[in-house]
Amino acid sequence: MSGFRHFCKYLLFQLFVLCQSWMSAQQAVGTWKDHIAFNKINSVQVADDVVYAASKNGLLVFDRNSQRTTALSRSNGLSDVGIQCFLYDRASRCLVVAYSNANIDLVFGDKIFNVSDIKRSDIPGDKSVYNICFYNNCAYLACGFGIVVIDLERKEVKDTYYVGTGGSYIPVYDIAIGQKYIYAATAEGLKRAPVSGAFLNLAHVWTTDTAQLIGMHVNNLVLVDDRLFVSGYSDEPQQVSLFVLNDSDVFNLVVKGNILNFDFCAPYLTLVYGDKVVWYDFNFQPVDSVENWTYGPLEPLDAEVASDGATLFVGH
């Protein structure tokens with residue numbers, strides 16, 4: 001594993017320290033230059049041969065073939081600043097970018113389409129977009145008031161689901177869609193509804209888990225071959241429990257610790273802790289971990305293993 005570890009550290013340096021050399025690159029006299037902070041990478045997305053790395057105010061785009069890094073910001077295509085979350089859909093080849101003011105960009109290669117419906121809506125209270133999920137050429141946005149569905153082909157809002165008790169507004173923190181159910185991590189707990197249901201906009205079709213995860217703040221969901229992984233905490237946010245739903249519809253505890261986030265990129269499930277990154281195989285057996293790199297402790301904020309299974313990208 002030593003060669004793999006060395007390669008990981010090299011990519012960390014190449015992708016995210018390289019952003020500083022991009023910032024300091026010389027520019028022609030008389031032209032404008034971006035001064036955007038890329039020294040803190042909050043989120044990473046591996047999209048085929050491209051890696052996207054997000055700071056609050058823009059994206060770094062790393063081409064794995066040419067080994068070149070470019071920047072994408074409001075000054076050259078994005079519609080806003082303050083990136084809250086983003087996710088890439090391999091099926092549609094679309095990168096969905098959600099901003100802290102609920103503005104949305106759909107990035108298809110070098111074409112960017114803005115969807116500002118949530119931002120412009122008169123919905124009171126929290127309109128934040130906490131997470132994104134894809135299903136059937138649509139983006140499902142987990143929002144501070146419910147779920148918003150965007151048709152990626154038509155590039156417009158298709159539907160909105162208010163899943164709180166009696167159809168009330170409640171924060172939805174994450175969404176996962178499997179073969180049978182659509183799951184939502186909400187302020188009222190873990191909810192689910194039949195994915196084939198024609199009336200997901202009706203609150204009564206959504207049922208809430210009232211037995212196993214009761215009293216737990218559920219915040220992240222990941223489906224691995226239709227197996228649902230759920231993370232949440234009870235009293236201490238630094239002590240997050242990760243559960244998996246078994247074939248008997250029972251949640252089994254997998255691991256507990258200071259888990260910041262986790263994700264699946266075949267063939268590995270990647271867990272990001274406050275001081276390390278650990279990746280596991282399909283049976284949740286540990287494959288390897290990284291705690292330090294050339295310049296000291298890793299202190300990761302996000303990580304993803306590329307689909308080749310040989311390259312780890314970390315934002316820190």
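These legends describe close-up views of a predicted model.

Local features are given at pLDDT of at least 70 and side-chain atom pairs only at pLDDT 80 or more, while totals for chains, interfaces and linings use all residues. Residues are numbered from 1 along each chain as its sequence is written, and side-chain values use heavy atoms, with hydrogens and water left out.

View 1. The chain has 2 helices and 28 strands. Both kinds of element are DSSP runs, numbered from the N terminus: helices are H or I with at least four residues, strands are E with at least two. Of the 316 residues, 50% count as buried. Buried means under 20% relative accessible area, exposed means over 50%, and partly exposed lies in between, with a 1.4 Å probe and protein chains only. Contact means heavy atoms within 4.5 Å. Among contacts with a separation of 6 or more, 41% join residues 24 or more positions apart.

**View 2. Strand β6 and its two partners.** Cys94, Val96 and Ala98 point one way from the strand. Leu95, Val97 and Tyr99 point the other way. Strands β5 and β6 run antiparallel and are joined by 6 bridges. Two strands pair if DSSP finds at least two bridges between them. Strand β7 (residues 104-108) is also antiparallel to β6, with 4 bridges. Phe86 stands opposite Val97, and in β7 the bridge partner of Val97 is Asp105.

**View 3. The turns on either side of β6.** β5 and β6 form a hairpin with 4 residues between them. In that turn, Arg93 has a positive phi of about 55°. β6 and β7 form a hairpin with 4 residues between them. Here Ala102 has the positive phi, about 75°.

**View 4. Two cysteines, Cys94 and Cys138.** Cys94 has a relative accessible area of 0% and is therefore buried. Cys138 is buried too, at 5% relative accessibility. A search of the whole structure finds 0 disulfides. A disulfide is a pair of cysteine sulfur atoms within 2.5 Å.

**View 5. The Lys119–Asp80 salt bridge.** Lys119 and Asp80 form a salt bridge, with their closest N and O atoms 3.5 Å apart. The pair links distant parts of the chain, 39 residues apart. Lys119 sits in helix α2 (residues 117-120), and Asp80 in the loop between β4 (68-73) and β5 (83-89). A salt bridge is a side-chain nitrogen of Lys or Arg within 4 Å of a carboxyl oxygen of Asp or Glu. Lys119 is partly exposed, at 36% relative accessibility. Asp80 is buried, at 7%. The search of the whole structure finds 5 salt bridges.

View 6. The side chains of Arg120 and Asp117 meet at 3.9 Å, N to O. Both residues lie in helix α2, 3 residues apart, about one turn of the helix. Arg120 is exposed at 59% relative accessibility, and Asp117 is partly exposed at 37%. Glu156 and Arg154 form a salt bridge at 2.8 Å, N to O. Glu156 is partly exposed, with a relative accessible area of 35%. Arg154 counts as exposed, at 56%.

View 7. Asp302 lies in strand β27 (residues 302-305). The residue is buried yet has no salt bridge. Its nearest side chain of opposite charge, Arg90, is 12 Å away. For charge, Lys and Arg count as positive and Asp and Glu as negative; His and the chain ends are not counted. The side chain of Asp302 makes a polar contact with the side chain of Ser43, at 3.2 Å. A polar contact is a pair of N or O atoms within 3.5 Å; within protein, one must be able to donate a hydrogen and the other to accept it, and residues adjacent in sequence count only if both atoms are side-chain atoms. Not counting residues up to four places away in sequence, Asp302 touches residues including Asn42, Val44, Asn261 and Phe313.

**View 8. The surroundings of Tyr135.** Tyr135 lies in strand β9 (residues 129-135). Tyr135 counts as partly exposed, at 27% relative accessibility. Leaving aside neighbours within four places in sequence, Tyr135 is in contact with Tyr140, Ile177, Gly178 and Val195. The C-alpha atoms of Tyr135 and Asp89 are separated by 9.2 Å, and the two residues are 46 residues apart along the chain.
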